[in-house]
Amino acid sequence: MAIDGVRSCMKIREVNENKKKFISLLLLADEQESMVDRYLEKGTMYVLEDSNVKAECVVTEEGNGVLEIKNIAVEPKNQGKGYGKALIDFLASKYADGYSVLQVGTGDSPLTIPFYEKCGFARSHSIPNFFTDNYDHPIYEDGIQLIDMVYLQRRI
């Protein structure tokens, strides 16, 4: 497989045990461990390896044909190399027969929203004050405080 024109030995595998082994990656996408704990065990976790672990994601079934990405993160030194998009494309392909929508909730950030839009997602709805109501400290991304949770959806 090639990512950004570079030959890769990339493989994506499901993680069924000791998911907390990947906590440093999980906390890149969701910086409060108690929030990660809310979905980690009920979700299905995948890691993307390319000689070693480069990225992870956790998805949950939300009902009505909706699969939600609860957490997706790429090691900082490997961001922008196509690993996150590869995970999303993997999920869309793997779950296409059982689900009609892949959705993700994120902060209204200029770092994350364009990434998801580039991966084929469109804004769906939002939950006002999600970050201020559910986190024990203010969450900032690119110098902007995250307040509302923005949901994006992609048909699969």
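These legends describe close-up views of a predicted model.

**View 1. The largest pocket and its lining.**
The largest pocket holds about 1,200 Å³ of space. Its lining counts 43 residues. Ala29, Ile72, Thr106, Thr112 and Tyr116 lie nearest the centre of the pocket. Several elements give two or more residues to this lining: H1, S6, helix H3 (83-94), strand S7 (101-107), helix H4 (113-118), helix H5 (130-134), strand S9 (140-141) and strand S11 (149-155). Strand S6 gives the most, with 7 residues. By residue class, the lining divides into 22 nonpolar, 10 polar and 11 charged.

**View 2. Glutamate 56, a buried charge.**
Glutamate 56 is found in strand S5. Is glutamate 56 buried or exposed? Glutamate 56 is buried, yet has no salt bridge. Lysine 19 is the nearest side chain of opposite charge, and it is 9.8 Å away. A salt bridge needs a nitrogen-oxygen pair within 4 Å. Which residues are in contact with glutamate 56, leaving aside its neighbours within four places in sequence? They are Leu25, Leu26, Met45, Tyr46, Val47, Asn71, Ile72, Ala73 and Leu87.

**View 3. Asparagine 18, a positive phi in a loop.**
Asparagine 18 is found in the loop between strand S3 (11-15) and helix H1 (23-29). Its phi is near 50°, a positive value in a residue other than glycine. Most residues other than glycine have a negative phi. Why does asparagine 18 count as exposed? Its relative accessible area is 55%, and exposed means over 50%.

**View 4. Asparagine 64, between two strands.**
Asparagine 64 also has a positive phi, near 55°, in a residue other than glycine. The loop that holds asparagine 64 runs between strand S5 (53-63) and strand S6 (66-74). Asparagine 64 counts as exposed, at 79% relative accessibility.

**View 5. The aspartate 37 and lysine 20 salt bridge.**
The structure holds 8 salt bridges. In one of them, the side chains of aspartate 37 and lysine 20 meet at 2.8 Å, N to O. Aspartate 37 lies in helix H2 (residues 33-37) and lysine 20 in the loop between S3 and H1, so the pair ties together parts that are 17 residues apart in sequence. Aspartate 37 is partly exposed, at 41% relative accessibility. Lysine 20 is partly exposed too, at 31%.

Where do aspartate 89 and lysine 85 lie? Both lie in helix H3, 4 residues apart, about one turn of the helix. Aspartate 89 counts as partly exposed, with 30% relative accessibility. Lysine 85 is partly exposed as well, with a relative accessible area of 34%.

**View 6. The aspartate 108 and arginine 123 salt bridge.**
Aspartate 108 forms a salt bridge with arginine 123. The closest N and O atoms are 3.1 Å apart. This pair links distant parts of the chain. Aspartate 108 sits in the loop between S7 and H4, and arginine 123 in strand S8, 15 residues apart. Aspartate 108 is partly exposed, with a relative accessible area of 42%. Arginine 123 counts as partly exposed, at 47% relative accessibility. Elsewhere, salt bridges that share partners join Lys11, Arg13 and Glu49 into one network.

**View 7. Glycine 120 in its loop.**
Glycine 120 lies in the loop between H4 and strand S8 (122-127). Its relative accessible area is 47%, so glycine 120 is partly exposed. Which residues does glycine 120 touch, not counting those up to four places away in sequence? Glycine 120 touches Gln153 and Arg154. Aspartate 148 is 28 residues from glycine 120 in sequence. In space, the two are 21 Å apart, C-alpha to C-alpha.

How values were computed: Residues numbered from 1 in each chain as written. Predicted model: local features only at pLDDT ≥ 70, side-chain atom pairs only at ≥ 80, totals over all residues. Heavy atoms only, no water. Buried < 20%, exposed > 50% of the residue type's maximum accessible area, 1.4 Å probe, protein only. 1 Å grid on protein atoms, 1.4 Å probe; cavity = no way out; pocket = protein on both sides within 12 Å on 5 of 7 lines; lining within 4 Å. Points joined across faces, edges and corners; volume = space filled by probe spheres on them. Nonpolar A, V, L, I, M, F, W, Y, C, P; charged D, E, K, R; others polar. Lys, Arg positive; Asp, Glu negative; His and termini not counted. Contact = heavy atoms within 4.5 Å.
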